[in-house]
Amino acid sequence: MENRKVTLSYEDGKSIDFPVLPGTLGPDVVDIRTFSKTGMFTFDPGFLATSACESKITFIDGDLGQLYYRGYPIEQLAEHSDFLESCYLLLNGELPNAEEKKNFDYTVLRHNMLHDQILSFFKGFRRDAHPMAVMVGVVGALSAFYHDSLDINDPHHREVSAFRLIAKVPTIAAQAYRYNKGLPFSYPKAGLTYAENFLHMMFSTPVSEYKVNPVLARALDRIFILHADHEQNASTSTVRLAGSSGANPFACIAAGIACLWGPSHGGANEAVLKMLDEIGSVDNVPAFMEGVKNKTHKLMGFGHRVYKNMDPRAKIMKQTCDEVLNELGLHNDPKFKLAMALEKIALEDPYFIERKLYPNVDFYSGIVLSAIGIPVSMFTPIFALARTVGWIAHWTEMIADPGMKIGRPRQLYTGAVRRDYVPVAERK
Ligand code: ACO
């Protein structure tokens, strides 16, 4: 429908019209860009009703439980694609042909080494540093090592930085883990896929080659695909806001990693495993659930700001979780039995049903990663390495937009009104 508008009417009878902009999918939006001319601002903490940008990358319908990357349902990508192909899709808008796929994989897998001096940079951290603290620091520091690709107005520079980030972030994440463990640095290996290489860098030692189990590598690749993008979430919005000032991509991705660290966002799968440890056994579940209903604590891995139906990623991850637990013979492991008992109780409990609280992808991904042998402190770094491509796709889309403006939200000020300075001797 052409030229739709909404009209805002004032008490004095005046009114003002705002155009309605249609999307290809999802709700229409009211274009309030001219609203500030009225002398007022809109108020929307947490962006519950605000579209901060126009984007062509990812679509989510939280009520229907749909997630599309460039129009392709996540279920189809998780089933038939692999992570690097999904990266190509997110960055370029189309699936690659065979030649493009070969070149893309080759370029990423050839740039996964780090500048050797970055290894000295790691040594500045305390051994017990959380790997996310190391990730924020080292990814930000990449801008000090790769000066030759920092012109954000040059599409070639942007592309080089994108390849560098996607290729090197797994190496940084694996090294953050190894440094913490006191293990020697493990270089990437030729001939392995992206997920296999990550497992190799995490677990191989000079005296024991890590033999990659294809079921586990496929599960990890799926975790990467499912976490690759999720439209305008907190960390992606952080990357866009940081990038809107013209900051370089390494600095922007470091900002995204910092945001992802929080327990309400990327820290959730880590929080799931900590919660399972705290609950201890199936016998303690009823008391724990009482605490959830009394709002003493939350059931981590449940609920989502956007999905008020089953998160489609959670459905896929549940299946992967079964495959991994079967492969490793862990179905009777007390921790995983406890997780499944929690899931069953929560799915049947009116508290969760009424509030439309379903398990989110992090509930199952935490269990899968733990079963693979990945320590809890590495869960969020793995989310960060998978999400790096989404952040870059959004950053690139924003920079390439000629209408880009620096992000500058306004506020409703409720602090002190103007008052005069009182010298300290005269203050009561
Ligand atoms: N456990 C118990 N109760 C919950 C939970 C939960 N995990 N999540 C929401 N609720 C309750 C709230 O207390 C509230 O109850 P009320 O209506 O009685 O006040 C109701 O459900 C609505 O919750 P909101 O906080 O308004 O939901 P919101 O959309 O703002 O929060 C969030 C979403 C932050 C993800 C929340 O569900 C949560 O904290 N979950 C646990 C952490 C988690 O798993 N995060 C991962 C998110 S996915 C991701 O980042 C990839």
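Which residues have the most contacts inside the largest nonpolar core, and how many residues does that core have?

Reply: This is a predicted model, in which local features need pLDDT of at least 70 and side-chain atom pairs count only at pLDDT 80 or more, while totals for chains, interfaces and linings use all residues. Residues are numbered from 1 along each chain as its sequence is written, and side-chain values use heavy atoms, with hydrogens and water left out.

The largest nonpolar core has 113 residues, and Phe198, Phe224, Leu299 and Ile374 have the most contacts inside it. A nonpolar core here is a set of buried Ala, Val, Leu, Ile, Met, Phe, Trp, Tyr and Cys residues joined through side-chain atoms within 4.5 Å. Buried means under 20% relative accessible area, exposed over 50%, and partly exposed in between, using a 1.4 Å probe and protein chains only. Helix α17 (residues 379-400) gives this core its largest share, 13 residues. Helices are DSSP runs of H or I with at least four residues, numbered from the N terminus.

Leaving out residues up to four places away in sequence, Phe198 touches Pro170, Ala173, Ala174, Leu220, Phe224, Met378, Ile382 and Leu385; contact means heavy atoms within 4.5 Å. Phe198 is one of the buried residues of helix α7. That helix, residues 194-203, is mostly covered, with 9 of its 10 residues buried. Among the buried ones are also Tyr194, Asn197 and His200. The buried residues of α7 pack against α2 (83-92), α3 (98-110), α6 (155-181), α8 (214-227), α16 (361-372) and α17.

The ligand is surrounded by 20 residues, and the closest are Lys295, Lys298, Leu299, Phe302 and Tyr351; a residue is counted if one of its heavy atoms lies within 4 Å. This shell divides into 8 nonpolar, 6 polar and 6 charged residues. A polar side-chain atom of Lys298 lies 2.8 Å from an oxygen atom of the ligand. In the side chain of Tyr351, an N or O atom is 2.9 Å from a nitrogen atom of the ligand. His265 has a polar backbone atom 3.1 Å from a ligand oxygen atom. On its own the ligand has 920 Å² of accessible area, of which the protein covers 75%; accessible areas come from the Shrake-Rupley method with a 1.4 Å probe, and for residues only the protein chains shown count as cover.

His265 is also touched by Asn233, as is Arg387, not counting residues up to four places away in sequence. Asn233 is found in the loop between α8 and α9 (234-243). Asn233 counts as buried because its relative accessible area is 12%. The side chain of Asn233 makes polar contacts with the side chains of Ser235, at 2.8 Å, and Arg387, at 3.4 Å. A polar contact is a pair of N or O atoms within 3.5 Å; within protein, one must be able to donate a hydrogen and the other to accept it, and residues adjacent in sequence count only if both atoms are side-chain atoms.

Glu231 is in the loop between α8 and α9 as well. Glu231 has a positive phi of about 40° although it is not a glycine. Most residues other than glycine have a negative phi. Glu231 counts as partly exposed because its relative accessibility is 23%.

Notes
Helices (H or I, at least four residues) and strands (E, at least two) are DSSP runs, numbered from the N terminus. Ala, Val, Leu, Ile, Met, Phe, Trp, Tyr, Cys and Pro count as nonpolar, Asp, Glu, Lys and Arg as charged, and the others, Gly among them, as polar.
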